[in-house]
Amino acid sequence: MGAFITFEGGEGSGKTTIIRKIVASLEELGYSVVSTREPGGIDIAEQIRDIILKKENTKMTKETEALLYAASRMQHLSERVIPALNEGKIVICDRYLDSSLAYQGYARGLGIENVLQANHFALDHLPDLTFFIDVTPEVGLKRIERRNELNRLDLEKLDFHHKVYEGYLKLCELYPKRIIKINGERSIDAVYKDVLDKILAYLKR
């Protein structure tokens, strides 16, 4: 079996940039790596992603949102993540189940347990390691001001992003053996080196 490593964080946490650097470093060291994302990663899941994040879909209920994420995740797991792990590859995923727990379970008020039940199939494929890139909403939202296009979640009010942040901190308490909190308000290089050291230490074990 390979290793399943996920990255979590609020908007503007820098995780996508960090993942790109981590993947390049691991490949240089000879590891076989699959880099993917949620929602998305494969064709059907990317189509669902477009529906979820489309700015015009303001009428979408929180329940619909949670179930669309779950549907995208099931397809992504079956078609990309599980086959890669069975081939002994390292799968690095930009967001996974914890995003649903923080955003829909905690911030939307659906309840973490309810969202876990909706994603029951994913519980057999929890990550080996999860990195929560800890960036406060104020810092993260300031960073994304420069983005050319914002999605539906980017446009949520500050209070929602604070609830997401609280949700992630709650998950860090619930799953301390799996989730590693990383100070993301340092330079990208400092964060990247910190994460890479921890991944290499895990892989060597």
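1. Basis. The model is predicted; local features need pLDDT of at least 70, side-chain atom pairs count only at pLDDT 80 or more, and totals for chains, interfaces and linings use all residues. Residues are numbered from 1 along each chain as its sequence is written, and side-chain values use heavy atoms, leaving out hydrogens and water.

2. Five strands form an open sheet with parallel pairing, in the order 2-3-1-4-5. Strand 2 (33-37) and strand 5 (179-183) are the edge strands, each pairing on one side only. On average, neighbouring strands are turned by 20° against each other, direction ignored. Strands here are DSSP runs of E with at least two residues, and helices are runs of H or I with at least four, both numbered from the N terminus. Two strands pair if DSSP finds at least two bridges between them.

3. Strand 1 and its partners. Strand 1 (residues 3-8) runs parallel to strand 3 (residues 90-94), joined by five bridges. Thr-6 stands opposite Cys-93 in strand 3. Strand 1 also pairs with strand 4 in the parallel sense, over four bridges. There, Phe-7 has Phe-131 of strand 4 as its bridge partner.

4. Cover on strand 1. Six of the six residues of strand 1 are buried (under 20% relative accessible area; exposed is over 50%, partly exposed in between; 1.4 Å probe, protein chains only). In a regular strand the side chains alternate between the two faces of the sheet. On one side of strand 1 sit Ala-3, Ile-5 and Phe-7, on the other Phe-4, Thr-6 and Glu-8, and all are buried.

5. Thr-130. Thr-130 lies in strand 4 (residues 129-134). Thr-130 counts as buried because its relative accessibility is 1%. Its side chain makes a polar contact with the side chain of Thr-6 at 2.8 Å. A polar contact is a pair of N or O atoms within 3.5 Å; within protein, one must be able to donate a hydrogen and the other to accept it, and residues adjacent in sequence count only if both atoms are side-chain atoms. Leaving aside neighbours within four places in sequence, the contacts of Thr-130 include Glu-8, Asp-98 and Arg-178 (contact means heavy atoms within 4.5 Å).

6. The strand 5 side. Strand 4 pairs with strand 5 in the parallel sense over five bridges. Ile-133 has Ile-182 in strand 5 as its bridge partner.

7. Helix 2 on helix 3. Helix 2 (residues 43-53) packs on helix 3 (residues 62-86) at an angle of about 165°, with the axes 9 Å apart. That makes the two helices roughly antiparallel. Axes are lines fitted to C-alpha atoms, for helices over the stretch in contact, and angles run from 0 to 180 degrees between N-to-C directions. Angles under 35 degrees count as roughly parallel, over 145 as roughly antiparallel, 65 to 115 as roughly perpendicular and the rest as oblique. Residues meeting here include Ile-48 and Ile-52 in helix 2, and Leu-68 and Ala-71 in helix 3.

8. Helix 4 on helix 7. The axes of helix 4 (residues 97-107) and helix 7 (residues 158-174) come within 8 Å and cross at roughly 125°. Helix 4 is therefore oblique to helix 7.

9. Asn-119. Asn-119 lies in the loop between helix 5 (112-118) and strand 4. Asn-119 is buried, with a relative accessible area of 0%. A polar atom of its side chain lies 2.9 Å from the backbone oxygen of Val-115.
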